[in-house]
Amino acid sequence: MDFGPTRRAASTQYTLKHAPTYDATKVRNCVLEGSLDGQAPWTILRTHNNVSLPDGGYGTASWDVDADYAGDSTPVRFLKVRMTGQNSDGSNALYLCGLEVYGALQIVGSAAQLRTEGKTAVEMKALGGYLPG
């Protein structure tokens with residue numbers, strides 16, 4: 001998950017949702033990781049060993065981020081879920097259809113970046129011709 005070039009998230013909790021019809025392929029072993037630039041090293045925000053998401057389609061579960069990270073709460077631009085072991089049917093497939101993140105969202109960057117983020121070249125020209133280099 002990329003919050004974008006002008007946003008950072010200081011996560012305190014999150015929710016995972018497993019795939020709609022795959023009761024037998026629920027995530028059991030994974031980590032939630034965050035990064036400021038999308039490059040290694042990633043910071044582990046929470047580790048799951050043999051966790052169980054609820055049965056049924058779209059089963060969800062929520063957790064706090066680990067206390068070590070929560071005490072720091074360094075904002076990150078990128079989040080990812082990385083499997084560290086097999087899922088409930090013994091395979092290495094990751095079946096998730098949702099990731100919700102809770103905490104504080106921070107806006108960073110210059111006014112020009114904030115003004116033009118997510119805009120097309122035509123929209124940026126209408127804002128005064130600023131085209132980032």
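H48 counts as buried at 3% relative accessibility, where buried means under 20% relative accessible area, exposed over 50% and partly exposed in between, with a 1.4 Å probe and protein chains only. This is a predicted model, in which local features need pLDDT of at least 70 and side-chain atom pairs count only at pLDDT 80 or more, while totals for chains, interfaces and linings use all residues. Residues are numbered from 1 along each chain as its sequence is written, and side-chain values use heavy atoms, with hydrogens and water left out.

H48 belongs to strand β3 (residues 43-48); strands (E, at least two residues) and helices (H or I, at least four) are DSSP runs numbered from the N terminus. Its side chain makes a polar contact with the side chain of Y14 at 2.4 Å. A polar contact is a pair of N or O atoms within 3.5 Å; within protein, one must be able to donate a hydrogen and the other to accept it, and residues adjacent in sequence count only if both atoms are side-chain atoms. Beyond four places in sequence, H48 is in contact (heavy atoms within 4.5 Å) with Y14, R28, N29, C30, W63 and T84. Of these, C30 is buried, with a relative accessible area of 1%.

Strand β3 is part of an open sheet of three strands, ordered β3-β2-β5 with antiparallel pairing. Because β3 and β5 (78-83) stand at the edges with a single partner strand each, one side of each has no neighbour in the sheet. Two strands pair if DSSP finds at least two bridges between them; six join β2 (residues 30-35) to β5. The bridge partner of L32 in β5 is V81.

The whole structure has four salt bridges, each defined by a side-chain nitrogen of Lys or Arg within 4 Å of a carboxyl oxygen of Asp or Glu.

| Pair | Closest N and O atoms |
|---|---|
| D2 and R77 | 2.8 Å |
| R82 and E33 | 2.9 Å |
| R46 and D66 | 3.8 Å |

R82 lies in strand β5 and E33 in strand β2, so this pair ties together parts 49 residues apart in sequence. R82 is partly exposed at 36% relative accessibility, whereas E33 is buried at 4%. E33, K80 and R82 are linked in a network of salt bridges. R46 is partly exposed at 21%, as is D66 at 26%.
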